[in-house]
Structures are given as structure tokens and as C-alpha cells.
Amino acid sequence: MANILIVITSILIGIVLQKVRNFPIEAPKALNAYLIYVVLPAVSLLHISKLDLGPALLLPISVGWIIFTITWLLFGYLGKRFSWDKKTIGCLIICGGLSNTGFIGYPVIEAIYGAEGLKIAVLIDQTGSFLVVSSLAIIVASLYGSEKLRKRDISKQMLFFPPFMFFILALLLNIFKIEISGVAEKVLESFSGTLTPIALIAVGLQIKIKISDIKDNYLWYGLAHKLLLIPLLIYAIYQWIPAGNPDQNLIFKVSVMEAAMAPMITSSIIATNYNLRPKLASLLVGVGIPLSVITLTGWYYLLEYFR
């Protein structure tokens, strides 16, 4: 319960700071830049370099790919069946198919399952969500939107994204059995330790919702899909993982919790850039994040008492 309170309190601090008169308007951008260029690379180096690689890890790696594929098939079918606007379909696929496994997922998983859970979360995010947002999401945006993006630009954005670069470096360190220890390890631990409060305060600073904005039915289609249906499907698909093995049990729990995260902030950015219902995309993230505090709590207790 204390871990859940850390998550809620951090988000509330961010919301309250919005009301402070002289608090910097650009603070969320600065905090996000700090997370992208310092904290997330530190997390990758610290945890991926020490991860015990094995066949069982194929399960968390596949989470992001399964989620996006199911979402594409579902909203693609429903959109065609009920003659939805093309841009609405694209928005729902991109925002409903990408979990916030990084900025929200990392601190939440770390708060609940500790360092071991965070290792799995990093794997889900970097080899799943991040690769999906850099590939399949761009393809969907091109199909349902208007702006075209060259393959070379997509590849460049992916390869030079700092957390991904350090993920590859950490993976190489792991493969060649090069350990990070001593002073270097302590430095990485110090920066990694700021992940939970900074990431969630940054999220709280960006939550701005008007009552008049939440009357769009498509908003609730997207959120019901992302916060309830998708984690339920991952729960059902991964249920066969043996519960007796502590490592596999943790993989199961983290996989379901990451699937239950609110829509990825980056998904809203992509939808906006391709003119795929920008307002709806912002609402899916803005409403989804605070609402996910409730649904994630429910999933947490479901996993604890019915697994």
C-alpha cells in the first residue's frame, strides 16, 4: 500500500505545482529531458547489464508487440464495421496500442516490485514498446494520416534515442560479461534512484483536463480497451506461466502490469504530428494517466491474491 501511495503522492505533487504562481512553465520539458538523457540510460546500464538472459525473457519482450497487433486488428475491424473516421481509427490504434511502459511503467514497477521487477520493465519497454513506437506505430500513422516519414528518418530517430543507445550498450556489456561495479555502480544507482519521484511529478505537471473534454465516446472506447481489455488479454495469454517459479511469477506480474499502463505519451505526439485526432490523442493520455492509478491498483491486488 505504501508503494501505491508513493505513486499517487508524486503525481499529486506535480498537479499542485501547476498552481504555484512562479513555478517554471517549462519544468515538465526540463524534467522529461533529464529523464531521457540521464535517468533512463542509467537504468538501462544498471539493470540490463546484469540481467540473466534466457528463453523466459521472450515473454516480456513480446508484450508490446502482442498489444499493438491486437489493437490494430480490433480497431481496424471496428472502424471498418461501423464506418468510423479514418483518423479516429488511426488515433485509437496508436494510443490504444502503446503502453506507457517507460515514464509511468518504470517508477510504478520499481515502487511495487523493486529492482528485479524494474529489470523486466526495462526489457518490456526497450525491446517492446520502444521498437513498436519506432516501427509499427509509424506505419499505422502513415496509413491513416497524411504526413509521410522517410524510412531513413525513422531509423535515425530510433538509433540515436539516448535510452535505446544505452540499452544496446548495456546488452553488449551483458553478453561479454563486463560488470559495472564500484564507483560507477554507485553513480548509476544514485541517478536511477531519482526515477520514481521525478517521472511521476513530471506527469502530474502535465495533467490538464476539462470536464467538457471527456464527453467523446471514442475516448472511453480507447481507455476501456487500454486499461481493462488489453491487460485482461495479457493475463489470459500469460496465465500458463508456472506460478511456482518466483522468477517466472514476477515476469507474469510485471508483464500484466505493464500492459495495464495508460497510453504512452509518445503515442499522443505521433498522432498529433500526423493529424490523427490530436485532441482525442491528448485526452487518451491526459485522462488515462490519472484513471490508471485506480485500474492499476485493481490489477495489482488481482495479481497478488488470484495468482
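I started with a helix pair: from H2, Leu-40, Val-43, Ser-44 and His-47 meet Tyr-106, Ala-115, Leu-118, Lys-119, Val-122 and Gln-126 of H5. Contact here means heavy atoms within 4.5 Å. I sorted the residues of this contact by class and got six nonpolar, three polar and one charged. In this scheme Ala, Val, Leu, Ile, Met, Phe, Trp, Tyr, Cys and Pro are nonpolar, Asp, Glu, Lys and Arg are charged, and the others, Gly among them, are polar.

The model is predicted: local features need pLDDT of at least 70, side-chain atom pairs count only at pLDDT 80 or more, and totals for chains, interfaces and linings use all residues. Residues are numbered from 1 along each chain as its sequence is written, and side-chain values use heavy atoms, with hydrogens and water left out.

Next I looked up the geometry. H2 (residues 27–47) and H5 (residues 105–134) pack at about 85 degrees, and their axes are 10 Å apart. Helices are DSSP runs (H or I, at least four residues), numbered from the N terminus. Axes are lines fitted to C-alpha atoms, for helices over the stretch in contact, and angles run from 0 to 180 degrees between N-to-C directions. The two helices, H2 and H5, are therefore roughly perpendicular, a term that covers 65 to 115 degrees.

I then checked Ser-268, in helix H13 (residues 265–273). Is Ser-268 buried or exposed? Ser-268 is buried, at a relative accessible area of 10%. Buried means under 20%, exposed over 50%, partly exposed in between (1.4 Å probe, protein chains only). Not counting residues up to four places away in sequence, Ser-268 touches Cys-95, Ala-281, Ser-282 and Val-285.

Asp-213 sits in the loop between helix H10 (195–205) and helix H11 (217–238). I found Asp-213 buried too, at 17% relative accessibility. Its contacts, leaving aside neighbours within four places in sequence, are Leu-219, Lys-279 and Leu-283.

Last, I looked at backbone phi. Most residues other than glycine have a negative phi. Ser-83 is not a glycine, yet its phi is positive, about 55 degrees. Ser-83 lies in the loop between helix H3 (58–81) and helix H4 (86–96) and is exposed, at 64%. Asn-275, also not a glycine, has a positive phi of about 60 degrees. I placed Asn-275 in the loop between H13 and helix H14 (278–305). Asn-275 is partly exposed, at 38%.

Terms used:
Angles under 35 degrees count as roughly parallel, over 145 as roughly antiparallel, 65 to 115 as roughly perpendicular and the rest as oblique.
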